[in-house]
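Thanks for making the time this morning. I would like to walk through one model with you, so please have the sequence and the coordinates open while I talk.

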Amino acid sequence: MKHWIFLLCMALLCACARQPSVQAPEDQQAQLDMRWQRYNAMNSPAAPYSLHMSLRFGTEGDTRRVTAIFWGNSSRELRLDVMAGVGAIVAKILEDGQHFLVYSPGENKAYFHQGANKPLLQVGVPIPLNLEHLADLLNGRYAKTFGKEYEKAFLADDGSASYDLSGQPGGRVILDEQGLPVAWQEHPGGKGWHMDIHYTDDAPRLPRRLNLSHSNGKQAVLLVKKRETPSKPFAKEQLTLTIPETAPLLPLAKFKQQ
């Protein structure tokens, strides 16, 4: 008898574990679908751009500040220069698809990486996105940043709508009534990175500030200080990262933050 009671309890526990997530009520689902459609419709065309940014990061009471220039013609061939002080470049970064290259003038060393993970984190830039996703986000291509599909969604009491994403980068995106993403969580349970997105007031409304925090205490604020829209695309040499012949080329895993 004890054996059968034990098996029954195990079966009940397994059934509870397999229980599907509760779907939103029908009236809420219509609102969720409409908001998701607005989000997908915000797809600014790719065009040449140059963004002047500041980035403050660290932990509470121990932060540092750098500035950066981020430019490109599309979301595939991208350049980012990171500076500390007036004109002192500490890192030159190139991303072309899944190829990532960083040159450190202070060390006279270059580092390479190939893959679809988040290489910015490995070079001390506390942004849990690759350059392609960051470019799409800052230029108003939100569906290309977070994805066009979700697994489940629900409305919160404050009127925001949360969508658990499928694919990369995954996590959960929170949309306002206009369909603008106002927050992103790496893990819906609260672990990992959290990002709040603040927008310009003028149209088209584009991100001007990203507030990032990690469950381990790390935090960062990225501020877009100036946007430029060149009249013609950047030339190929403007998007190239030239490495001195004297600089060794090493895997990104060997990069050490300065």
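Let me begin with a definition: buried means under 20% relative accessible area, exposed means over 50%, and partly exposed is what lies in between, with a 1.4 Å probe and protein chains only. This is a predicted model, in which local features need a pLDDT of at least 70 and side-chain atom pairs count only at pLDDT 80 or more, whereas totals for chains, interfaces and linings use all residues. Residues are numbered from 1 along each chain as its sequence is written, and side-chain values use heavy atoms, with hydrogens and water left out.

With that cut-off in hand, take N130, which is buried, with a relative accessible area of 13%. N130 sits in the loop between helix 3 (119-122) and helix 4 (131-138), where helices (H or I, at least four residues) and strands (E, at least two) are DSSP runs numbered from the N terminus. What does the side chain of N130 reach? It comes to 2.8 Å from the backbone nitrogen of H133. If we set aside residues up to four places away in sequence, N130 touches E95, N117, P119 and L120, a contact being heavy atoms within 4.5 Å.

Helix 4 itself is mostly covered, with seven of its eight residues buried, among them H133, D136 and L138. After helix 4 comes G140, whose phi is positive, near 85 degrees.

Now for confidence, where pLDDT is the predictor's confidence in each residue, from 0 to 100. The protein averages a pLDDT of 86, and 88% of the residues score at least 70. Over residues 1-22, however, the pLDDT is below 50, and beyond near neighbours in sequence this stretch has one contact in the model. Where pLDDT is low, the predicted coordinates should not be read in detail.

On the overall architecture, the secondary structure comes to five helices and 14 strands, and of the 258 residues 41% count as buried. Among contacts between residues at least 6 apart in sequence, 49% join residues at least 24 apart.

Turning to the interior, a nonpolar core here is a set of buried Ala, Val, Leu, Ile, Met, Phe, Trp, Tyr and Cys residues joined through side-chain atoms within 4.5 Å. The largest one has 53 residues, and those with the most contacts inside it include M53, F70 and L210. Leaving aside neighbours within four places in sequence, the contacts of M53 include F70, L80, L138 and L222. A second, separate core of six residues includes Y103, A110, L241 and A247.

Finally, the aromatic side chains. Rings of Phe, Tyr and Trp (its six-membered ring) pair if their centres lie within 6.5 Å, and planes under 30 degrees apart count as stacked, over 60 as edge-to-face and the rest as tilted. The structure holds eight such pairs. In one of them, the rings of W36 and Y150 have their centres 4.9 Å apart and their planes at 70 degrees, so the pair is edge-to-face. That pair links W36 in helix 2 (residues 26-41) with Y150 in strand 7 (residues 150-155), 114 residues apart. W36 counts as buried at 8% relative accessibility, whereas Y150, at 24%, counts as partly exposed. W36 also pairs with Y163, and this pair is tilted, at 4.7 Å centre to centre and 35 degrees between the planes. Because W36 lies in helix 2 and Y163 in strand 8 (residues 161-165), the pair ties together parts that are 127 residues apart in sequence. W36, Y39, Y150 and Y163 form one aromatic cluster.

Technical notes:
Polar contact = N/O pair within 3.5 Å; in protein donor to acceptor, adjacent residues only side chain to side chain.
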